[in-house]
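The sequence and the structure are shown first, and the account follows.

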Amino acid sequence: AVQPGRVHAGARWKPIAALALVVAGALWSQVGVLAQTPSISPPLAMARYLGQHGAAGERVFTAQWADSAPLLYFAPQIKALVALDPTVLWLEDPERFKLFVETAYGRTPLAARAIRESFLARWVTVWKAPAYEPLALQLARQGGKRVYDDPYYQVWDLGSVPNAPSPSPSP
């Protein structure tokens, strides 16, 4: 029998056992997450390349608009054309939005020219998804220089852009 004022021996270990189970569960979950997290994110590797090679003020045409997000962090010196959302571009200029979409999917006959002249972009990022393959093929045929290529992304250099604002000098 338990005497009044005394704690049963098993009751002292229940909170410790519960805490140990919570800690063990958290550690197990963390190990599972780390085992499935890639060591490098493909968009980050592409963005780092442009961070190292893009000059201040140069523009990049991102065929997949979401690719502009890592560019904001790893290549802040360059300008992504659709940094917020394509909807903003559509609201500002529906015709330019249409040209952006048609070009991104390789449905503009002279994609490299459209990117250089209409968007004043030197760089093009192409996610290696089937939807963007026609654009990559056009850039290759139209004189683009593939300067970065990994299993997920390509970066194309279309050369200096006529009538583009001059890049800011590096500090």
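In this predicted model, Leu72, Tyr73 and Phe74 make a nonpolar surface patch of about 350 Å². Tyrosine 73 is located in helix α3, which spans residues 68-74. With a relative accessibility of 68%, tyrosine 73 counts as exposed, because the exposed class begins over 50%.

**Overall architecture**

The chain contains 7 helices and 5 strands. Their order along the sequence is α-α-β-α-β-α-α-α-β-α-β-β. Of the 171 residues, 32% count as buried. The accessible surface of the chain is about 10,800 Å², and carbon and sulfur atoms contribute 61% of that area. Among contacts with a separation of 6 or more, 61% are between residues 24 or more positions apart.

In soluble globular proteins, nonpolar side chains tend to be buried together. The largest nonpolar core of this chain has 19 residues, of which Phe61, Ile115, Val124, Val126, Leu135 and Leu139 touch the most other members. Two or more residues of this core come from each of α5, α6, β3 and α7. Apart from this core lies another one of 14 residues, including Ala45, Tyr49, Leu71 and Ile78.

The surroundings of phenylalanine 61 can be listed in detail. Leaving aside residues up to four places away in sequence, phenylalanine 61 touches Leu81, Phe100, Thr103, Ala104, Ile115, Phe119, Ala121, Trp123, Val124, Thr125 and Leu135.

**Helices α6 and α7**

The buried residues of α6 are Ala111, Ala112, Ala114 and Ile115. Viewed down the axis of α6, these residues fall within an arc of 165°, so they line one face of the helix. The elements that cover them include β1, α5, β3 and α7.

In helix α7 (residues 133-141), the buried residues are Leu135, Ala136, Gln138 and Leu139. Their arc around the axis is only 160°, which puts them on the same side of α7. They pack against β1 (59-62), α5 (94-104), α6 (111-118), β3 (123-127) and β5 (153-157).

One of these buried residues of α7 is glutamine 138, with a relative accessibility of 7%. Beyond residues up to four places away in sequence, glutamine 138 touches Gly106, Thr108, Pro109 and Ala111. Ala111 is itself among the buried residues of α6.

Just after α6, leucine 120 has a positive phi of about 50°, and leucine 120 is found in the loop between α6 and β3. Most residues other than glycine have a negative phi. Just after α7, the residue with a positive phi, of about 90°, is glycine 143.

**Salt bridges**

Side chains of opposite charge can pair when their charged atoms come close. The whole structure has 6 salt bridges; the table lists some of them.

| Salt bridge | N to O distance |
|---|---|
| Glutamate 117 and arginine 113 | 3.3 Å |
| Aspartate 157 and arginine 122 | 2.8 Å |
| Lysine 128 and aspartate 149 | 2.4 Å |

The salt bridge between aspartate 157 and arginine 122 links distant parts of the chain, with aspartate 157 in strand β5 and arginine 122 in the loop between α6 and β3, 35 residues apart. Aspartate 157 counts as buried at 12% relative accessibility, whereas arginine 122 counts as partly exposed at 24%.

The salt bridge between lysine 128 and aspartate 149 ties together parts that are 21 residues apart in sequence, because lysine 128 lies in the loop between β3 and α7 and aspartate 149 in strand β4 (residues 145-149). Lysine 128 is partly exposed at 38% relative accessibility, and aspartate 149 is partly exposed with a relative accessible area of 41%.

Finally, salt bridges with shared partners join Glu58, Arg122 and Asp157 into one network.

Terms used: Residues numbered from 1 in each chain as written. Predicted model: local features only at pLDDT ≥ 70, side-chain atom pairs only at ≥ 80, totals over all residues. Heavy atoms only, no water. Patch = residues over 30% accessible without salt bridge, like charges linked within 9 Å, V, L, I, M, F, W, Y side chains within 5 Å. Areas by Shrake-Rupley, 256 points an atom, 1.4 Å probe, with all protein chains shown as cover. Salt bridge = Lys/Arg side-chain N within 4 Å of Asp/Glu carboxyl O. Helix = DSSP H or I, 4+ residues; strand = E, 2+ residues; numbered from the N terminus. Buried < 20%, exposed > 50% of the residue type's maximum accessible area, 1.4 Å probe, protein only. Arc of directions from axis to C-beta. Contact = heavy atoms within 4.5 Å. Core = buried A, V, L, I, M, F, W, Y, C linked by side-chain atoms within 4.5 Å.
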